[in-house]
Amino acid sequence: MSAPAVTELWSADEFVGRLRAEGVRRYHDQHPFHQRMHAGALTRAELQSWVLNRYYYQTRIPIKDAIIVSKSEDPVFRRAWIRRIGDHDGRAEDGPDSGGLALWLRLAEAVGLNRDEVATCRRVLPGVRFACDAYVTLCRESPLVVAVASSLTEMFAPDLMSRRIAAWEQHYPWVGNEALAYFRGRVPRARRDGEEGLAFVVAHAGTRPLQEMCVAALVKKTEILWHLVDCVQAATGAEGAV
């Protein structure tokens, strides 16, 4: 009987290339709703629906990051990754309104929503809730390196955030520049987080099956983000093209 074939490890360059290719091809910046947003074609109600529903995703980020921290035996990794939780939840020394969640609620107020109502998540669409909870489940049920790989959509976030800032300043000036603080802050942080996450995944996905699982996790994450926007688009009756 012949020995089973050994699947060769992708080189670092090939692995990174596959991750980037899947992200570029599938990232939700290409969603028709986002294209309409950046073209200035969304109504106030459509913007409000997106801000309200996207807040639920924002609340899941520190939860999935806490799960990732709990998976690691390395204190160096834990110290580095836990910073992400503070980025979203805020830090005691910076005050209660310093984190990304507070900045998102400020955005909600600026688009005409009630901050307290948004914070309850009572009006979040069931499909959005399902998709975001699936992200937490993915991180909970995956090995550490695969859970980290699911966060690599951050590699593509800085460009999207930069385009979003420019589009909102041009097309939705009624929102106000101060309300865009979350987007501005995420440009450098997402770039940093994406680079750190990618370096960890490349260093620790030491078998071809793990590499393939990492690529699949990134694909799954893009699908979750896409589904979130699908739900908002369907609920608002937004058109599918610019």
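Predicted model: local features only at pLDDT ≥ 70, side-chain atom pairs only at ≥ 80, totals over all residues.
Residues are numbered from 1 along each chain as its sequence is written, and side-chain values use heavy atoms, with hydrogens and water left out.

Let me start with the helices, which are DSSP runs of H or I with at least four residues, numbered from the N terminus. The axes of α3 (residues 44-71) and α4 (residues 75-89) come within 9 Å and cross at roughly 165 degrees, the axes being lines fitted to C-alpha atoms over the stretch in contact, with angles running from 0 to 180 degrees between N-to-C directions. That makes α3 roughly antiparallel to α4, a term used for angles over 145 degrees.

Turning to salt bridges, where a side-chain nitrogen of Lys or Arg lies within 4 Å of a carboxyl oxygen of Asp or Glu, the count comes to 19. Arg 189 forms one with Asp 87, the closest N and O atoms being 3.8 Å apart; because Arg 189 lies in helix α10 (residues 181-204) and Asp 87 in α4, the pair ties together parts that are 102 residues apart in sequence. Asp 87 is buried at 9% relative accessible area, whereas Arg 189 is partly exposed at 33% (buried means under 20%, exposed over 50%, partly exposed in between, with a 1.4 Å probe and protein chains only). Arg 192 and Asp 193 also meet in a salt bridge, at 2.9 Å from N to O.

Key
Helix = DSSP H or I, 4+ residues; strand = E, 2+ residues; numbered from the N terminus. Parallel < 35°, antiparallel > 145°, perpendicular 65-115°, else oblique.
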